There are 2 protein chains.
Amino acid sequence: MSMDDNALFDDPRGLTSAEAASAVDGAQNSGVERVTRWFEGHTDLESRFSSVFRQAMDEVLDGQRTGRYDVDTLEKTEKTYLGTKVEIVCRAAFNLPYGDDMDYRICDQEVDAKFSLEGKWMIPREAMGHLCLLMAANDRMSSFKVGIIRISEDVLTRGGNQDGKRSISLAGRSHIKWLCREGKLKSNLLLGLDSATRDVLERVPVGQSRVDQLFKYVHGRIIDRNAVVTVAKQLDAPKRVRDARHRLGPEGVVILGHQKDSPRVAAALGLPTPEKGTWIATRLVPAPNTGDGRPLAWIGGISYVTARADEAPHPAPAIDY
Amino acid sequence: MSMDDNALFDDPRGLTSAEAASAVDGAQNSGVERVTRWFEGHTDLESRFSSVFRQAMDEVLDGQRTGRYDVDTLEKTEKTYLGTKVEIVCRAAFNLPYGDDMDYRICDQEVDAKFSLEGKWMIPREAMGHLCLLMAANDRMSSFKVGIIRISEDVLTRGGNQDGKRSISLAGRSHIKWLCREGKLKSNLLLGLDSATRDVLERVPVGQSRVDQLFKYVHGRIIDRNAVVTVAKQLDAPKRVRDARHRLGPEGVVILGHQKDSPRVAAALGLPTPEKGTWIATRLVPAPNTGDGRPLAWIGGISYVTARADEAPHPAPAIDY
């Protein structure tokens, strides 16, 4: 076999090696492009990924049993597992089939799921030549990143850990095709509380008392089911909320949900409207005779406003929750 | 300091070393005894541990997202994490406080949680001198074991893996104080299906169609929420069950729950009564004019019996579910 024969054998299209390399590059890039376009075809892409990370972190934190709300407090095995959970939740969220060698198969491409809290993805040898869906979430910053890269020698660091995994090099990072570069992660209410409020919560035992404190001191912000069960360290968030309403009513605190008269009252008071499985609390007092600019909500024929800190407590009106 | 002083210093009670060793043994055994008695003070001990293993395995399998029901199909990181999940669920089930060095503190004893699917517990060096709560669960056999042992050189194997963990030796096993030697694990319905039934299920896509097949072919056995969401690969088991009732009604299949007229009908037909979050299906036909020994259920003024395979389908009666 002559050199030319060999060249033809290597590339049946009869291209020069430079042309062939460029064609291969093009085909590989088109893989990244196609997968990117596939993801971008989801109009709710950002909120879908946001839910993936929120759910995965909340499930591994297991707040209802452990009271934890900070991924930094996870044990090592739990942090390792978090990557698996993200892979599972992401597969379900986008209904992704298994690949032959990698986690997913998307647009005929083998795609491996790689999650890292710090955005320091460790790439296994087996991923060489395949795509990686790079995912990172920062719960303190309420942000996340998702990108796609084709793994090659060019994008990896030289070294490698004892498992032979290597990270994406600084130069390699420029090859990441970002799906969400600064994604907005659903916020973690408990993690975001200031330390004074957290101290107030922790002064009472976990359970109903702490749920009461949560709704007594965190006003005007959406509180989700997970925050309630984490503070309660028990299930049945709706029951905890109903009990908190009874206990806090005499002080004027109302806890609006997503049903019946709640959305109307929330809107009238200028508060965000809770979705199913979320609540928002505020303290009400009867509106002063002369309006002072605060939004009014009419409840049972009387107008109420959100109380200022210096206004004396007044029993909450009966709301049709 | 004389030898005698030294001896007194070593044991202020002035015992001989043999007596001292025996006293230490006694104190250590009394620790095992006290923790054992503490657990045995729970009258529902076996069912509580059964729930711990069932919940932990079901959560890591994550059937609603993955469709999995066999712990043998878990990935390595998931199997490692299963031990952590059992520790967490067990802590919550018995409301156990953290130890200083080990997972739990029970009756003033440091107790480490050790779970193994195969009952091959790997004991870390740090557990030396402390108690271990040894737990194992076999989903195929619907059985589990729970025991307590004090870790000493005497009960461990010589070797050790790369992490310096050693297993309980054959001789050491005789020192395990069993809380549940042959505990009855809540059964895993899908894992226990015969292969013919499993084939029938897998012939249709996951989702409502497969839920229909489940209730069409698995009769007279309690089917829990987890089995439904695993077969459906989606949430909202009650909705899936309601839809299956509509689809299977024309063939005579009824799916009894825990509410309204369901328990009465189940009892009349001689079936187990479903608890909340569980169902039981059967196929009904009008009772023959001359009784043939099958239990009768009166529904809407007509008596029904569980159909034999050779009886032609008859539309199901309207049951107040």
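A charge sits over a ring if NZ of Lys or CZ of Arg is within 6 Å of the ring centre and within 35 degrees of the ring normal. Keep that rule in mind for the first view.

**View 1. Charged side chains over rings.** In this predicted model, B:K145 lies over the face of B:W178, at 5.2 Å from the ring centre.

View 2. Five strands make an open sheet with mixed pairing, in the order 1-2-4-5-7. (Helices, H or I of at least four residues, and strands, E of at least two, are DSSP runs numbered from the N terminus; two strands pair if DSSP finds at least two bridges between them.) At the edges are strand 1 (104–106) and strand 7 (177–184) of chain B, each pairing on one side only. From one strand to the next, the twist averages 25°. Look at strands 1 and 2 (residues 109–116) of chain B: they pair in the antiparallel sense over three bridges, with B:I106 opposite B:Q109.

**View 3. Two rings in one helix.** Rings of Phe, Tyr and Trp (its six-membered ring) pair if their centres lie within 6.5 Å; planes under 30 degrees apart count as stacked, over 60 as edge-to-face and the rest as tilted. B:F49 and B:F53 are stacked, 6.2 Å centre to centre with 15° between the planes. Both lie in helix 3 of chain B, four residues apart, about one turn of the helix. B:F49 counts as buried because its relative accessibility is 0% (buried means under 20% relative accessible area, exposed over 50%, partly exposed in between, with a 1.4 Å probe and protein chains only).

**View 4. A ring pair between helices.** The planes of B:F49 and B:F94 meet at 45° and their centres are 4.9 Å apart, so this pair is tilted. B:F49 belongs to helix 3 and B:F94 to helix 5 (residues 76–94) of chain B, so the pair ties together parts 45 residues apart in sequence. Both B:F49 and B:F94 are buried.

**How to read these views.** Residues are numbered from 1 along each chain as its sequence is written, while chains are lettered from A and ligands numbered from 1 in the order in which they are written.

Conventions: This is a predicted model: local features need pLDDT of at least 70, side-chain atom pairs count only at pLDDT 80 or more; totals for chains, interfaces and linings use all residues. Side-chain values use heavy atoms; hydrogens and water are left out. Axes are lines fitted to C-alpha atoms, for helices over the stretch in contact, and angles run from 0 to 180 degrees between N-to-C directions.
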